[in-house]
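Here is a short report on one part of a protein model.

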Amino acid sequence: MNSQEIPGLYIHTPFCRSKCFYCDFYSVASRAEIPAWLEAVRAEMKLYKEEFPAFDSLYLGGGTPSVLEERDLAALLESILQNFAFGADPEMTMEANPESLSPEKLKTLRDFGLNRISLGVQSLEDSDLKYLGRAHSAGQALRAFEACRSAGFSNVSVDLIYGLETQSLKSWKKTLDTILELRPEHISCYQLTFEKGTALWKKKEAGRVRSIGEKMEAAFFLWTSRYLQRRGYCHYEVSNFAAGREFLCRHNRKYWRHVPYLGLGPSAHSLAVVPQPRRWWNVKSVREYCRLLGEGKAPVAGWEFLSREQFDLETFDLALRTDEGLDMAALKDYPQSQRVLAQWQKSGLVRLSEGRVRPTRRGFLVADSLAVMLAG
Ligand code: SF4
């Protein structure tokens, strides 16, 4: 448990220009409620400023925070900085989509000290972008990346998606090669999933689209990992690559290491670890969120204390998704884990070094099922 480390602050901006076909994040394809949300999120900050006075990372996520106009971005950032303190060298990220990013917005972000952009590119093939229901073209994505550089952002992450039936290994390589020419400091490569209830899932149910199958997904994953590592990126989490260890995403690493975090905004999750691990999450409705805060109430939909077993299982699960792996000492109360580890080692899924269990590339591929087996 990492109670000594400085927490991270996440703010959920639940607005998008349109809804992407694969998306199951909470967001609405309308900007009408932005003023009410902004007022509410500023009220929510006040509820937590005593409990969480300081952070060393800020992550404006969504949704699409870049749909906010400059004046709204400025008002949001001003409130954040008024209510919370950030250390001497914070990591401050905003997620952005190419169709809604502008040089003026980027300047506003820089003026408030933001130093990292996570850009939703997904693919540089327009046919893939159409398949995904994205609101931008490949050309817009490239121009948005250049705009980030021109605005002075020297830490830019690019989000990509692989495993689409419209994509071949050759066209995926073409996207990656163009991205690599830009030398982003960080690249996230997510495998396409068909989440229940999304437009893409409905199309799949109706037989209009299909998954490429587990075998091809594994081939894409392994090839991508090898390719990016050969080009100097460290594969530090199942879906994440960094151009150097100094570019690992500080904020997201808190989630993977059980460092406390505060999430504000509709549907945001939070974690406190003392005196006992506790998680809570906000209502998944902008209207309800605004109503509750308007009445001076916390917009919390639910919360739970994490039992020791639950906490351990999560620790194993999260740690085995990263190249830092799991401290073997955490397994002392799980004697059967030694037998499981020996098997995994033999199968090439993990290696044991410096007292830690570290997943191999093939281990990353099955990371989701490893933790349960360790806990027995
Ligand atoms: S832009 Fe992001 S959050 Fe919005 S609908 Fe698309 S994937 Fe979802």
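## A loop residue

Arg183 is exposed (12 or fewer other C-beta atoms within 10 Å, placed from the backbone), because 11 other C-beta atoms lie within 10 Å. Arg183 sits in the loop between α6 (169-182) and β6 (186-191). Helices (H or I, at least four residues) and strands (E, at least two) are DSSP runs, numbered from the N terminus. Ser157 is 26 residues from Arg183 in sequence, and 9.7 Å away in space, C-alpha to C-alpha.

The model is predicted: local features need pLDDT of at least 70, side-chain atom pairs count only at pLDDT 80 or more, and totals for chains, interfaces and linings use all residues. Residue numbers start from 1 along each chain as its sequence is written.

## Helix α8

In α8, Phe220, Phe221, Thr224 and Leu228 are buried (20 or more other C-beta atoms within 10 Å). They cover an arc of only 95 degrees around the axis, so they lie on the same side of α8. The arc is taken from the directions from the helix axis to the C-beta atoms. Lys215, Arg226 and Arg230 are exposed on the other side of α8.

Just after α8, Gly232 has a positive phi of about 90 degrees.

## Strands

β5 and β6 run parallel, joined by 6 bridges. Strands pair if DSSP finds at least two bridges between them. Tyr162 stands opposite Gln191 in β6. β6 and β8 run antiparallel, with 3 bridges. Here His186 stands opposite Ala242 in β8.
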